[in-house]
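Me: Can you walk me through the pockets and ring pairs of a protein model?

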Amino acid sequence: MLPRWHIIFGAIFTAIIWIFSPETKIIYLSLVFLSSVLIDFDHYLITLTNTKKLSLRKSLKYFKCLGEKERKEKKNNKREKGHFYIFHTLEFHIFVLLLSLVRIEFFYIFLGMIFHSLLDVAWMIKKDRIYRREFLLVNWIIRKIK
Ligand SMILES: [Zn+2]
């Protein structure tokens, strides 16, 4: 899903929390919004490691090209996993949730992350791209070891 949609839906989600829980501190609402967008920072890290370029614009172009390549592969019935996104794994979500036992701020970060991930999953199902994503860090490690 494109960053602009995460920004729009993240803002709507944050506004809904604020409407139903107006006593929520602005710092916590900010954490929900920011984490619902910035979890995609791992995409940028992928671009950095693969292209060695810092430009955000080049990163967006990289993923656009990747999408075109993927569509061609799908036409040829080639369905392979895509890049691995560490912040989008179940383990990372659980880690952040566990941190919320120590600091409440992490609970709001977790809320933004889980919202983002649910949007990603819905989008990938709609676009028939769910096979591309590895959701478990442990599966990725096992595949790397083999
Ligand atoms: Zn994402």
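Here are some questions and answers on this predicted model.

Me: Which helix gives the most to the lining of the largest pocket?
Reply: That pocket holds about 1,000 Å³ of space, and 31 residues line it, with Met 1, Leu 2, Pro 3, His 43 and Phe 63 closest to its centre. Helices H1, H2, H3, H4 and H6 each supply at least two residues of the lining. The one that gives the most, with 10 residues, is H4.

Me: How many charged residues are in the lining of the second largest pocket?
Reply: This pocket has about 180 Å³ of space, and its lining includes Lys 81, Phe 84 and Trp 140. Sorted by class, the lining has three nonpolar and two polar residues, and the charged ones number four.

Me: How many residues apart in sequence are the parts that Phe 13 and Phe 115 tie together?
Reply: The model has 10 aromatic pairs. Phe 13 and Phe 115 make a stacked one, 4.1 Å centre to centre with 0° between the planes. Phe 13 sits in helix H1 and Phe 115 in helix H6, so the distance along the sequence is 102 residues.

Me: And Phe 84 with Trp 140: is Trp 140 buried or partly exposed?
Reply: These two rings are stacked as well, at 4.4 Å centre to centre and 10° between the planes. Phe 84 has 13% relative accessibility, so Phe 84 counts as buried. Buried means under 20%. Trp 140 comes out at 28%, so the label for Trp 140 is partly exposed.

How values were computed. Residues numbered from 1 in each chain as written. Predicted model: local features only at pLDDT ≥ 70, side-chain atom pairs only at ≥ 80, totals over all residues. Heavy atoms only, no water. 1 Å grid on protein atoms, 1.4 Å probe; cavity = no way out; pocket = protein on both sides within 12 Å on 5 of 7 lines; lining within 4 Å. Points joined across faces, edges and corners; volume = space filled by probe spheres on them. Helix = DSSP H or I, 4+ residues; strand = E, 2+ residues; numbered from the N terminus. Nonpolar A, V, L, I, M, F, W, Y, C, P; charged D, E, K, R; others polar. Phe/Tyr/Trp six-rings, centres within 6.5 Å; stacked < 30°, edge-to-face > 60°. Buried < 20%, exposed > 50% of the residue type's maximum accessible area, 1.4 Å probe, protein only.
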